[in-house]
Amino acid sequence: MAEKSLMKGNEALAEAALRAGCKCFFGYPITPQTEIAAYLSKRMPKVGGTFLQAESEVAAINMIYGCAGSGIRCMTSSSSPGISLKTEGISYIAGADLPCVIINVQRGGPGLGGIQPSQADYWQVTHALGHGDFHALVFAPSTVQEMADTVTKAFDLADKYRMPAVILADGLLGQMMEPVAFEDVEIKMSDASNKPWAANGHGNKREHNIINSLFLQPTELEDKIKERFKRYETAKATETLAVAENCEDADIVVVAYGSTARLAKSAAEMARKSGLKVGTFRPVTLWPFPEKELNEACKNAKKVLTVEMSMGQMVDDVKLALNCRLPVEFYGRTGGVVPSPAEICNKLKEMGGIN
Amino acid sequence: MAKMTVEFDRCKGCGLCVTACPKKIVAIQQEKLNKKGYYTAACIDDDACIGCALCAMMCPDCAITVLGGEK
Amino acid sequence: MPEFKRPHALTDAYLHYCPGCTHGIVHRLVAEVIDEMGIEGDTIGVCPVGCSVMAYDYFRCDMMEASHGRSPAVATGIKRANPDKFVFTYQGDGDLAAIGTAETVHAATRGENITVIFINNTTYGMTGGQMAPTTLPGQVTQTTPYGRDTSVEGFPVKICEMLSQLDGVALAQRVTVIDPKNIRIAKEAIRKGFEFQKNKQGFSIIEVLSTCPTNWGMTPVQALDRLRSEMIPYYPLGVFKEGAVR
């Protein structure tokens, strides 16, 4: 049995990145994720990696673009306002078919907002992470262990599909401490040996590689995008992850991700005690959204409740995934307020027609 | 013997080579347009060419090759 | 018999630049230096938004396109991941001195071991001749149709002078390509910039005063004259800082 450590979510994520061979980290301080940078600034040089605090989130994402373009595993992390700064750079990364990992430890917004947890960047990371037709893989951990596990998966799938991958966490997950076990691997920094497309010096052994997202001929650009979307289709068909619990006999299924899923699970247990048949569905990949799994979980349900720390963003995808065949209601708190299981349970009772 | 040759369809007739030639033997010929629609540079006195290659150095399009002469 | 011909590091693609645009000369000088140092296989160039956005078609080394202003950051990413490779950026006025000022200053002050080629032609060429941070007082551009008025639009920025104040800068030199003598000096400066990089001795920037005949509304030869009579007095040529930083 692998040894466990008690670690903060942010730090567990950082350690897992190293074990996945992340060689370079470029980031900028912003609450509530600065621990990722602080941890890596200490640990990374010791395992042969490079840590650099960039002058801005904009600079950081462009350093990622350069590093990823040369075929090396790399990561940046930020929180909501910083992710907004990165969006142009992320579009360039996606448009050049480059893999990388981007961490968003969400905080209250919009604008400067607050530093307490939130889930109000869902739309941004799943639907509008930058201009143009593209997607990023999006993972939503809900425990410190999952913070570590999803990072490893993110690096692997980003390389496999040549696209950026986002870990969408929130301030609660970033700051909480829980036991975590890591893969027992020797830390080995990645190289570009399996990336023949990388711009890392042709060594007079091949034609020169160009990393680029500029295609002035519309038909050429369209072809590039369509080819990229074919890869997305493969990802959608094979890479969805979700956890459904107690849904077989459930009248109401509660859909939530991240920290909110843990609160929703407690609320569902409370509701069961009051006689309501409630199940929970927790997407772990937000893109691709686990549509098949959601439909399977809701096949006997009469109603669905989506709970988020926002004004309601994932709820739209829930309705779309279900093809609007079931009534989908929403409960949420925003601005950094974390809902309590009791509040969520009250909403469930209201939906279930009991007091 | 030194010789300067201009790649006909690459030259844009910008005239920078004309300013660089110390012997003043490069000019823009006005007889024939190239396929991009430019009148191109040409050496008007091959015998006087000393192969200094200053014209080639000035050319933004690498349209000039120079053989012979001192470097 | 000695020859003058295209360097290997320059592809034989037809250059899309305007007739007489000095981009082509500078591209060739960079390629000559790469050839002479034998580093084509170990070099990655970064070209961003600007007239030279398609420089990836002109250089035979690996190339990366970058977003506007961010080349020094992209170059940093490549270099930190591949410290033994050569990384150069090739940037225009708007790219380096407007939107990219932060990235420029920080790569310089970090002493990033990269070589930055800065094309200063006092205008935004690609988008049709708008004011640049380097536009001279009184200069007419598309967005200063009455001439740059320092009380409204402020003053031009002198990049070499500014960056020479930073400890991370190994070379800050301003050159031009208006005649063969200056072309030779420019090539030596570019070579120095690559040598500092080779020896991991800090950040190099070679600012090349260049022409933009089309947007200045001049013939290529007239444009050279403007550079000589108006630009050089404002942007003096020379070395502003030279010396290994580490």
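**Close-up views of a predicted model**

**View 1. Ile211(A) stands opposite Met64(C) in strand E3(C).** Two bridges join E9(A) to E3 (residues 62–66) of chain C, and these strands run parallel. Strands pair if DSSP finds at least two bridges between them. Helices (H or I, at least four residues) and strands (E, at least two) are DSSP runs, numbered from the N terminus. This is a predicted model, in which local features need pLDDT of at least 70, side-chain atom pairs count only at pLDDT 80 or more, and totals for chains, interfaces and linings use all residues. Residues are numbered from 1 along each chain as its sequence is written, while chains are lettered from A and ligands numbered from 1 in the order in which they are written.

**View 2. Here chain A meets chain C, with 34 residues of chain A in contact with 29 residues of chain C.** Contact asks for C-beta atoms, placed from the backbone, within 7 Å. On the chain A side, the largest share, eight residues, comes from H3(A).

**View 3. Helices H1 (residues 9–19) and H6 (residues 144–161) of chain A pack at an angle of about 30°, their axes 8 Å apart.** That makes H1(A) roughly parallel to H6(A), a label for angles under 35 degrees, with over 145 roughly antiparallel, 65 to 115 roughly perpendicular and the rest oblique. Look for Ala12(A) and Leu13(A) of H1(A) and Met147(A) of H6(A), among the residues that make the contact.

**View 4. Helix H2 (residues 71–81) of chain C is mostly covered, with 11 of its 11 residues buried.** Buried means 20 or more other C-beta atoms within 10 Å of a residue's own, exposed 12 or fewer, and partly exposed in between. Among the buried residues are Pro72(C) and Ile78(C).

Note on methods:
Two residues are in contact if their C-beta atoms, placed from the backbone, lie within 7 Å. Axes are lines fitted to C-alpha atoms, for helices over the stretch in contact, and angles run from 0 to 180 degrees between N-to-C directions.
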